Amino acid sequence: MRTHYCAEINESHVGEVVKVAGWVHSRRDHGGVIFIDIRDNDEVVQLVCDPADSAEAHKIADEVRDQFVIIATGKVRPRGEGLENPKLKTGKVEIVVEDLLIENRSLPMPFELDDTKVNEEIRLKYRYLDLRTQRMHNIFKLRSNVTIAARNSLAKQRFLEVETPVLTKSTPEGARDYLVPSRVFPGEFFALPQSPQLFKQLLMVSAFDRYFQIAKCFRDEDLRADRQPEFTQIDVEMSFCTQDDVINTAETLLKDIFEAVDMGDKIPTTFERMSYNDAMEKYGSDKPDLRFNLAMVNVDDIFANCQNEIFSNIAKDSKRNRIKALKVPNGDNIFSKRQMKGFEDYVRKFGAQGLGYFQMKEDGLKGPLTKFFNEDDLKAIVDRCELEIGDVVFFGAGEKKVVLDYMGRFRLYLAELMDLINKDEYRFVWIIDFPMFEVEDGKVKAIHHPFTMPKLKDGKLAVDDIEELESIAYDIVLNGTELGGGSIRIHKEDIQSEVFKLLGISEEEANEKFEFLLEALKFGAPPHGGFALGLDRLIMLLAKTDSIRDVIAFPKTQRSQCMLTKAPSGVDAEQLKELGLRIKRNINQ
């Protein structure tokens, strides 16, 4: 139905008769001569409908409106002098139409396609129209190129692509499962996989050695800008490997991807590594944004000597509490008193009791807190924080977890406010040495997942303080976003059973949910580990968009709804009867 795509038409085709097909991007009537920009999946080319060349084509062009589907045949000619459009690949030529066909008409658009301020729910309701824009086409070309590059890179590294089941068993992996009722086994359910974790471990037991998959995963959790109920990850597992082997594989993969999309100069030769503890203490986050230099320092020991009992009591329990200082260079000359007050209001939203500060003046530290410190301690603060005249230093004090959280958020808030972030930089960091467990409301939980190998002492699992036990786990962070992560896995059945016990999973429950894994580990499971990269998040960062929904063809809203198909939706009574299900409208009763 066409001889060329629009983007292919150039000066070499002058004098040739070509046939193009696509959508009307715009239409202009200039005193009887009608100009139409026709667009296909990549570019537009200008059509000229002149009654002197074809009265019939001109008559049809008079009916044409935006977004009509048309097919045009005509001769290519150069544009007139001064009429070239340097913004288009086809900007030096145009097609004089000899034959024009309206293949399909269009209703008036519910919104202007290039209007970025359109309500997102409207855009998602008419997603097939939103996807027509050049911006969206560019994003999905990028996504396709990244996916192809990932496959090529892993194939080059001797990985084998294997598909794992989508209908599987419900297992506790940290988020809620999406459940699928079985018709054949009434009252029983499949679960959609939160990840291929267990199956890729079984593939290592199967001696596949190196596996990968571009895997669809599903998690029934509250959504944010960087999360969706269904998402895609580049999933990798390898045998007889160390943490360094896995990290090197992931870095090679990322370098190959950046090279394939002509961004090889944006990625470092070597990636920084940082312990989980350092990341939390310096940046208040296990996914620190390192594109700017604001870092926190501990001042507990200095504040322990101050005359304010609130601060001194907090400082004396350094295991449970923290007092953190955050220096802002030249902040005294940037922030107004009103802004300083607003900063305290900001951190209170995240549990802070207040926000102290000092200003570095020519004659020393000034501020409401100075009266509680002697000269030696004030000098110690200046030295510890490396303060210079004009700097401001903020202090957060209280329970460790709360302080690290709100001071980490405050750090990001200040960076945005002061425009400190280089939006064109790609800064990677590996966060390593994660704690194996955390205790929340008296319950022990795995930080990553229960199949992560803990750091052993003399080959044994030794637990003195459960929250101090480290794991061989690692996350890759890009510009403050967790891009992915992984771990060395437990490959011995006795260690896996001990971890289950620490998590409060009884032997009976472990056998019920993980019998197939525990049994497989008894048949010569090799040491193995792996990682997964969030493909959607990676594309979001490469495309410089703020929402993961922009890089998924048909995404859900933040309420997990599809505005296009109106899913989730009810089903008829016969389907429910076949499944042995009955709907209870009030699920809390």
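User: Which strand and which helix each supply at least two residues of the lining of the second largest pocket?

Analyst: First, a caution: this is a predicted model. Strand E7 (178-181) and helix H16 (573-579) are the elements that each give at least two lining residues to the second largest pocket. E7 has the largest share, with 3 residues.

User: How many residues line the second largest pocket, and which are the closest to its centre?

Analyst: The space in the second largest pocket is about 1000 Å³. It is lined by 22 residues, and Tyr178, Leu179, Pro568, Ser569 and Ile583 are the closest to the centre. By class, the lining holds 11 nonpolar, 4 polar and 7 charged residues.

User: Why is Asp289 called buried?

Analyst: Buried means under 20% relative accessible area. Asp289 has 4% relative accessibility, so it counts as buried. This residue sits in the loop between helix H7 (276-283) and strand E12 (296-298).

User: What does the side chain of Asp289 make a polar contact with?

Analyst: The partner is the side chain of Arg291, at 2.7 Å. The cut-off for such a pair of N or O atoms is 3.5 Å. Leaving out residues up to four places away in sequence, Asp289 also touches Arg411, Leu412, Ile421, Asn479 and Gly480.

User: What makes Leu417 partly exposed?

Analyst: The label covers values between the buried cut-off of 20% and the exposed cut-off of 50%. Leu417 has a relative accessible area of 41%, so it is partly exposed. Leu417 belongs to helix H12 (residues 400-417). Neighbours within four places in sequence aside, Leu417 is in contact with Phe335, Gln339 and Phe343.

User: Why does Ala175 count as partly exposed?

Analyst: Under 20% would be buried. Ala175 has 21% relative accessibility, so it counts as partly exposed. Ala175 lies in the loop between strand E6 (160-161) and E7. Not counting residues up to four places away in sequence, Ala175 touches Gln194, Arg219 and Glu221. The C-alpha atoms of Ala175 and Phe68 are 45 Å apart, and the two residues are 107 residues apart along the chain.

User: Why is helix H5 described as largely enclosed by the rest of the structure?

Analyst: Of the 9 residues of helix H5 (residues 197-205), 7 are buried, so H5 is largely enclosed by the rest of the structure. The buried ones are Gln197, Leu198, Lys200, Gln201, Leu202, Leu203 and Met204. Their cover includes strand E9 (210-218), strand E10 (230-239), helix H14 (507-520) and strand E22 (528-534). After H5 comes Ala207, with a positive phi near 70 degrees.

User: How do you know that both faces of E2 are covered?

Analyst: Look at each side in turn. Val33, Phe35, Asp37 and Arg39 are buried on one side, and Ile34, Ile36 and Ile38 are buried on the other. Overall, 7 of the 7 residues of strand E2 (residues 33-39) are buried.

User: What makes E1 and E2 a pair?

Analyst: Pairing takes at least two bridges. Strand E1 (residues 17-30) and E2 are joined by 7 bridges and run antiparallel, so they pair. Asp29 has Ile34 in E2 as its bridge partner. The hairpin of E1 and E2 has 2 residues between the strands, and Gly31 there takes a positive phi near 60 degrees.

User: How many bridges join E2 to E3?

Analyst: There are 6, and the two strands run antiparallel. Ile34 stands opposite Cys49 in E3. The hairpin from E2 to E3 passes through 4 residues.

User: In which sense does E5 pair with E3, parallel or antiparallel?

Analyst: Strand E3 (residues 44-49) and strand E5 (residues 93-104) pair in the parallel sense, over 2 bridges. At least two are needed, so 2 bridges meet the cut-off. Val48 faces Val96 in E5. Strand E4 (residues 69-78) pairs with E5 in the antiparallel sense, over 10 bridges. There, Ile70 stands opposite Ile102.

User: What is the overall picture?

Analyst: The protein has 16 helices and 22 strands. Of its 589 residues, 49% are buried. The C-alpha atoms fill a box of roughly 95 × 75 × 55 Å along the principal axes. Among contacts between residues at least 6 apart in sequence, 68% join residues at least 24 apart.

Methods
Residues numbered from 1 in each chain as written. Predicted model: local features only at pLDDT ≥ 70, side-chain atom pairs only at ≥ 80, totals over all residues. Heavy atoms only, no water. 1 Å grid on protein atoms, 1.4 Å probe; cavity = no way out; pocket = protein on both sides within 12 Å on 5 of 7 lines; lining within 4 Å. Points joined across faces, edges and corners; volume = space filled by probe spheres on them. Nonpolar A, V, L, I, M, F, W, Y, C, P; charged D, E, K, R; others polar. Buried < 20%, exposed > 50% of the residue type's maximum accessible area, 1.4 Å probe, protein only. Polar contact = N/O pair within 3.5 Å; in protein donor to acceptor, adjacent residues only side chain to side chain. Contact = heavy atoms within 4.5 Å.
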